[in-house]
Amino acid sequence: MSETTSTREEKKPPLNGRRALPPNNSNDEENEVPEVDPFGLIPRGFNPTDYLRVVDIYMFKEPHEINKQQHHTDKYYNPKLIVRRGQPFQIQIDFNRPYRPETDQFWLEYLMGRYPQQNKGTYIPIIVGNVLKPGEWGAKITHRENNSIRLSIMSSATCIIGKFRLYVAVWTPFAILRTRRNPATDTYILFNPWCQKDAVYLDDEKEREEYVLNDVGIVFHGNVEDVKSRSWSYGQFEENILDACLFLMDKAELELSGRGNPIKICRVASAVINSRDDNGVIAGSWNNSYDYGVAPSAWTGSVDILLEYYSSKQPVRYGQCWVFAGVFNTFLRCLGIPARLITNYSSAHDNNANLRLDFFLDDEGKVDTRLTKDSVWNYHCWNEAWMTRPDLPVGFGGWQVVDGTPQETSDGMYRCGPASVQAIKHGHVCFQFDAPFVYAEVNSDIFFSRMEKNGTQVVEKIDTTHIGQLIVTKEVGGDGMVEITEEYKFREGSDEERLALETAVMYGVKKQTTRDTTYQPQTDVDMDFQVQKAVLGNDFKVTITFRNRSRNSYTATTYLSGNIVFYTGVPKSEFKKHSFSAKLEPSSSSSFDVVIKASEYMSDLLEQASFHFFVTARINETGKILAMQKATILEIPTLRIKTKGELVAGKEMSVIVEFTNPLKQTLENVTLRLEGPGVLRTIKKEFRSIPMNSTLTWEVKCIPMRPGLRKLIASLNCDALRHVYGELNVQIQKP
């Protein structure tokens, strides 16, 4: 029998001498709670029905009722009561007779997990009192009528997050009588960004609506010169997603008592979002072959991924950085932690965290792939979660970087964060967790070096501005982009920036000096190149410009290398080599065009249509080398989405997706996906082939459930063409 299929009994750890109870880290498991809890021997004539008895408990748990309205949980597609901590909610108890406060005594009990304990916050008895203290557990009667009472219950602003079981206990002289286990009274308690005493309190209502309640978002991708965007459906309110998110914490074996702390939750979640070392949610794949799984670019949102993982308990294939970040964002927003998805353009993946990426050039001026280990990702997505940091000095709360993409291990697992954005900006990278790694992602320098025959390393060029030059997120309340580079770093070249760097170095970020290498920059000739914007399947040109500032004539032996790269900057193949001799007249500029033909790149193209060009030139007269590199992306065709019929909640409507194949080849085995939270669940359809220049039309009928502004998102995927998206905002009317 394999390890995973063995029974629960076998997996339970043996009791050891160190702890009286086994670990309590599953929100799903329950203990037996006695309905009659005797104080000793019960006399023969004792009849429990003589005493106050609970007939019914009414939870006010419908979306339109007071609890879900006041707690901003009315969007959850879940029949049970969902409230946020530190804020009062109402329930009604019907007894078998009127309640008499003089003689009757009852209390409430909230329990979680298999081994509820009061000091761990997993067993919470609540005596009914006269007054509610803000942010502390308590209950008071607000209304009495006939056999019913209405209670206002306050939960603690630090209580653990998850699903509690509710019992009402009545005291009698000989025993405690409890209500029977009733799943309908289960109560989910979530983080509360509306509550000042909560660690995730956010004081701006518009930001709360965006970072907690918005169930769609934007992923920015592409590269610095060519920012592209696509929508992502977070779907944190969809059916079973809340349970799936709670299951992730069980999977990560986070003690129930630690689940009130957003720092701990983010730390374990950043590990369990990826499948490395713990069989987590998503298996990453960066090698362009996605057998037995879904290509990362085909996903349109998080719901399918989380539900598949929740039912199969096996990693879902496949993801890349925006997929990890999209699912992580769903998890955080679902539990009530304000969160947003961030894109860092030209993100350094530095294998030894020394703030320096080494690109080695060979004698021709080409990058030597054998020696070059570091890479620059065109972009990298991570998340920010909003919380206080009582574990750090004052001033480091607020946005924290968390990253579920498996890049490097932290404390022995693939995870990253939470790292304070403020600490990264000021170079205080000594504060937990993983700040040096994030600091390097946004601040490294690129060194272009050559190895001389005698083994010395000659630095030809240092580029201090390429890495982390643009950091963005979606704007609050709209689909636009807002730049937040200034939140991560001071302006390039400013005194504050140098100071932050020196601070980071003092705190142990390794920074190699240039002393151990010779560096003589070229001064009298400048070189730059531009890549023409091009549509996939067309020719385009690269223009190389020299500016000779000296009074001498020079000839430059120039070499252009075009590589098809993964968005992680790792080259797949060189598709273009071109060298020529350029004559540079004194005190003048000259430009040279190199044409790139579609036939040269189409056969090897990867899914993000990403190219990387290196141009190196040797000035023959002086022996100096000029080097420059740039990434570029082709324009990919989009899907068109239209609707037909009335857009009214509860009425049937049609969604039409159209796509015209622009390539000079037939597309084979094409998959389309369409989804829209509140309008339709994800639908997939396969098409055998789409001939060149022909248009495919796909019509889907659906019944939208929720009124309001909704977003439809579609993707098209096949081996020859990926990252094809379309989206449409639709206003669904009330019936």
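In the predicted model, asparagine 443 touches Ile467 and Lys489 when residues up to four places away in sequence are not counted. Asparagine 443 is found in helix α9, which comprises residues 435–443. With a relative accessible area of 15%, asparagine 443 is buried, because buried residues are those under 20% relative accessible area.

Asparagine 443 is also one of the residues that UniProt lists, in an unreviewed entry, under "binding site", together with Asp445, Glu492 and Glu497. Although these residues are spread over 55 residues of sequence, they cluster in space, the largest C-alpha distance being 13.5 Å. Of these residues, Asn443, Asp445, Glu492 and Glu497 are included in the lining of the largest cavity.

Glutamate 492, another residue that the UniProt entry lists, is placed in the loop between α10 (485–488) and α11 (495–506). The relative accessibility of glutamate 492 is 34%, so that this residue counts as partly exposed, whereas asparagine 443 is buried. When its neighbours within four places in sequence are left aside, glutamate 492 is in contact with Thr464, Thr465 and Glu497, and Glu497 is itself among the residues listed by UniProt for the "binding site".

A further site concerns the surface of the model. Val36, Ile42 and Phe174 make a nonpolar surface patch of about 210 Å².

Serine 148 is found in strand β8, which covers residues 148–154. Apart from neighbours within four places in sequence, serine 148 is in contact with Gln92, Ile93, Asp94 and His143. Serine 148 and isoleucine 703 are separated by 555 residues in sequence, and the distance between them in space is 40 Å, C-alpha to C-alpha.

With regard to the protein chain as a whole, 12 helices and 41 strands are present, and the C-alpha trace spans about 115 × 60 × 55 Å along its principal axes. Of the 735 residues of the protein chain, 57% count as buried. The protein chain exposes about 31500 Å², of which carbon and sulfur atoms supply 49%. Among contacts between residues at least 6 apart in sequence, 68% join residues at least 24 apart.

Key
Residues numbered from 1 in each chain as written. Predicted model: local features only at pLDDT ≥ 70, side-chain atom pairs only at ≥ 80, totals over all residues. Heavy atoms only, no water. Patch = residues over 30% accessible without salt bridge, like charges linked within 9 Å, V, L, I, M, F, W, Y side chains within 5 Å. Areas by Shrake-Rupley, 256 points an atom, 1.4 Å probe, with all protein chains shown as cover. Salt bridge = Lys/Arg side-chain N within 4 Å of Asp/Glu carboxyl O. UniProt positions renumbered as here; feature names shortened; annotations may be inferred. 1 Å grid on protein atoms, 1.4 Å probe; cavity = no way out; pocket = protein on both sides within 12 Å on 5 of 7 lines; lining within 4 Å. Helix = DSSP H or I, 4+ residues; strand = E, 2+ residues; numbered from the N terminus. Buried < 20%, exposed > 50% of the residue type's maximum accessible area, 1.4 Å probe, protein only. Contact = heavy atoms within 4.5 Å.
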